[in-house]
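Subject: Structure handover

Hello,

Here is the structure I promised to pass on. Please open it and keep it beside this email while you read.

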Amino acid sequence: MEPEERVTRRPLERELVSRGVRMTHQRRLLVQIIQGADGHLDAIALWQRARSQDPTINKVTVYRTLAMLKKYGLVDELDLMHLEGGRHYYEAKTTRDHIHLACLKCGRIQEFESSLFEKLKGQIEREQQFRINTVRVEAGGVCDRCK
Ligand SMILES: [Zn+2]
Ligand SMILES: [Zn+2]
């Protein structure tokens, strides 16, 4: 089995500034939390983390900032096998697409990257004449710790 590879995330703040987005204090705070998150955050978890640093931040600002990041294609929205119901999770887009492995026992999410995945995307684009902008693959199962 291949080891879990680290994926690198695009620098959100720089990407936004280069698109002419005005970085308010609260936007910067939210973007920094998403960028630095070790896991995949949903809107409420993001709001809670932000609120501990700036109690004046409200949920609307969180949702608007997430919508803006999505509009610019800078974050991916995931449902991660609906491990926790209908929640959606966000992560800064990575330089290469990755597959999410969701443990249905402990809820751990692992990220897996493979050149085969890149090849598969290429094959789809060639054979279907389809240009892929976003791709999402999730596997549900039991992780090595829970087996
Ligand atoms: Zn597990
Ligand atoms: Zn991920």
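This is a predicted model: local features need pLDDT of at least 70, side-chain atom pairs count only at pLDDT 80 or more; totals for chains, interfaces and linings use all residues.

**Glu 118 and its partners**

Glu 118 forms a salt bridge with Lys 121, side chain to side chain, at 3.3 Å from N to O. Both residues lie in helix H5. They are three residues apart, about one turn of the helix. Lys 121 is buried, with a relative accessible area of 13%.

**Other salt bridges**

The whole structure holds nine salt bridges. One of them joins the side chains of Arg 28 and Glu 13, at 2.7 Å from N to O. This pair links distant parts of the chain. Arg 28 sits in helix H2 and Glu 13 in helix H1 (residues 12–18), 15 residues apart. Arg 28 is partly exposed, at 32% relative accessible area. Glu 13 is partly exposed as well, at 25%.

Another salt bridge joins the side chains of Arg 96 and Glu 113, with 2.7 Å from N to O. Arg 96 lies in the loop between strand E3 (89–92) and E4, while Glu 113 lies in the loop between E5 and helix H5 (115–128), so the pair ties together parts that are 17 residues apart in sequence. Arg 96 counts as partly exposed, at 31% relative accessibility. Glu 113 counts as buried, at 7%.

**Two domains**

The domain assignment gives domain 1 (7–94) and domain 2 (96–147). Their C-alpha centres lie 21 Å apart. Where they meet, 13 residues of domain 1 are in contact with 16 residues of domain 2. The two domains bury about 1,200 Å² between them, and 55% of that is on carbon and sulfur atoms.

How many salt bridges cross the interface of domain 1 and domain 2? The rule finds zero. Polar contacts are there, though: the count is eight residue pairs between the domains. On the side of domain 1 that touches domain 2, strand E2 (residues 75–78) gives the most, with three residues. That side is made up of five nonpolar, two polar and six charged residues.

**His 40**

His 40 lies in the loop between helix H2 (25–36) and strand E1 (41–42). His 40 counts as buried, at 15% relative accessibility. Its side chain makes a polar contact with the side chain of Glu 91 (3.0 Å). The side chain of His 40 also makes a polar contact with the side chain of Glu 111 (2.8 Å). Leaving aside neighbours within four places in sequence, His 40 is in contact with several residues, including Leu 78, Tyr 89, His 100 and Ile 109.

**Arg 108**

Arg 108 is in the loop between strand E4 (99–103) and strand E5 (109–112). Is Arg 108 buried or exposed? At 17% relative accessibility, Arg 108 counts as buried. Its side chain makes a polar contact with the side chain of Asp 144, at 2.6 Å. Not counting residues up to four places away in sequence, Arg 108 touches Leu 101, Ala 102, Cys 103, Cys 143, Asp 144 and Arg 145.

Best wishes

How values were computed: Residues are numbered from 1 along each chain as its sequence is written. Chains are lettered from A and ligands numbered from 1 in the order in which they are written. Side-chain values use heavy atoms; hydrogens and water are left out. Domain bounds come from an automatic or database domain assignment. Contact means heavy atoms within 4.5 Å. Buried area is the accessible area (1.4 Å probe) that two parts lose on being put together, summed over both. A salt bridge is a side-chain nitrogen of Lys or Arg within 4 Å of a carboxyl oxygen of Asp or Glu. A polar contact is a pair of N or O atoms within 3.5 Å; within protein, one must be able to donate a hydrogen and the other to accept it, and residues adjacent in sequence count only if both atoms are side-chain atoms. Helices (H or I, at least four residues) and strands (E, at least two) are DSSP runs, numbered from the N terminus. Ala, Val, Leu, Ile, Met, Phe, Trp, Tyr, Cys and Pro count as nonpolar, Asp, Glu, Lys and Arg as charged, and the others, Gly among them, as polar. Buried means under 20% relative accessible area, exposed over 50%, partly exposed in between (1.4 Å probe, protein chains only).
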